[in-house]
Amino acid sequence: MRLFHKRLVKEVEPMSAPTLNQFQQQVSELLLRHRSLLDVMSKFGQSGASVNRAVTKAVTDCGCIELNARKQQYSDELNLENAKETLQSHITGDVCEHCLEALKSELGRNLFYMTALCNLLNIQLDEVIADEYDKCSTLGLFNLT
Ligand SMILES: [Zn+2]
């Protein structure tokens with residue numbers, strides 16, 4: 001019964017995400033309290049730290065994912081096919097539903113303040129993404145920085 005209800009609710013939810021322009025417009029309408037550039041900059045930094053904190057808590061509090069980091073084994077013969085196998089994320093396990101929700105929430109907040117920063121500096125979010133997309137296409141897969 002519970003499962004049925006959950007599925008029903010999910011189907012009622014809108015399927016498509018708002019456009020970046022719609023989101024940016026909404027952020028500009030909502031942002032009354034933190035209008036100062038300094039406030040937005042510090043909230044952007046703080047929300048970024050909260051994203052890292054949520055990842056950390058998934059490891060140390062929940063334990064759904066584990067971290068086992070070591071030096072990456074780069075080699076000169078690294079090509080597209082073996083790079084994905086050789087280079088490690090250092091994560092074992094899968095993020096549970098609870099941590100996933102927490103992570104998405106913190107990422108959303110970070111995105112909110114990034115967008116607010118764009119608004120204050122008259123930068124279009126969709127242009128930022130389009131430019132980065134082009135840059136990634138040009139640089140290719142080995143751009144690791
Ligand atoms: Zn978890």
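The following paragraphs lead the reader through the helices of this structure and the contacts between them. The model is a predicted one, in which local features need pLDDT of at least 70 and side-chain atom pairs count only at pLDDT 80 or more, while totals for chains, interfaces and linings use all residues. Residues are numbered from 1 along each chain as its sequence is written.

The chain contains 6 helices and 2 strands; helices (H or I, at least four residues) and strands (E, at least two) are DSSP runs, numbered from the N terminus. Along the sequence their order is α-α-α-β-α-β-α-α. Of the 145 residues in the chain, 8% are buried. A residue is buried if 20 or more other C-beta atoms lie within 10 Å of its own, exposed if 12 or fewer, and partly exposed in between, with C-beta atoms placed from the backbone. Two residues are in contact if their C-beta atoms, placed from the backbone, lie within 7 Å. Among contacts in the chain with a separation of 6 or more, 76% join residues 24 or more positions apart.

Helix α3 (residues 37-62) has 26 residues, which at 1.5 Å a residue should span 38 Å; the end C-alpha atoms are 36 Å apart, in agreement with that value. The expected span is 1.5 Å times one less than the number of residues in the helix. Helix α3 bends by about 30° at T56, the bend being the angle between axes fitted to the seven residues ending there and the seven starting there. V40, A54 and A58 are the buried residues of α3, and they pack against β1 (65-67) and α5. M41 also belongs to α3, but M41 is partly exposed, with 15 other C-beta atoms within 10 Å. Although M41 and Y113 are 72 residues apart along the chain, their C-alpha atoms are separated by 7.8 Å. After α3 comes G63, which has a positive phi near 90°.

Helix α5 (residues 97-120) has 24 residues and reaches 35 Å from its first C-alpha to its last, close to the expected 34 Å. Its buried residues are C99, A102, N110, F112, Y113, T115, A116 and C118, and they pack against α2, α3 and α6. N122, which follows α5, has a positive phi near 55°.

Helix α2 (residues 20-30) and α5 have axes that come within 9 Å and cross at roughly 80°. Axes are lines fitted to C-alpha atoms, for helices over the stretch in contact, and angles run from 0 to 180 degrees between N-to-C directions. The two helices, α2 and α5, are therefore roughly perpendicular. Angles under 35 degrees count as roughly parallel, over 145 as roughly antiparallel, 65 to 115 as roughly perpendicular and the rest as oblique. On the α2 side, F23, Q24, V27 and S28 meet F112, T115, A116, C118 and N119 of α5. This contact of α2 with α5 has 5 nonpolar, 4 polar and no charged residues. Ala, Val, Leu, Ile, Met, Phe, Trp, Tyr, Cys and Pro count as nonpolar, Asp, Glu, Lys and Arg as charged, and the others, Gly among them, as polar.

Helix α2 also packs with helix α6 (residues 125-139), at an angle of about 140° and with the axes 8 Å apart. These helices, α2 and α6, are therefore oblique to each other. L20, N21 and Q24 of α2 make the contact with L125, D126 and I129 of α6. By class, the contact of α2 with α6 has 3 nonpolar, 2 polar and 1 charged residues.
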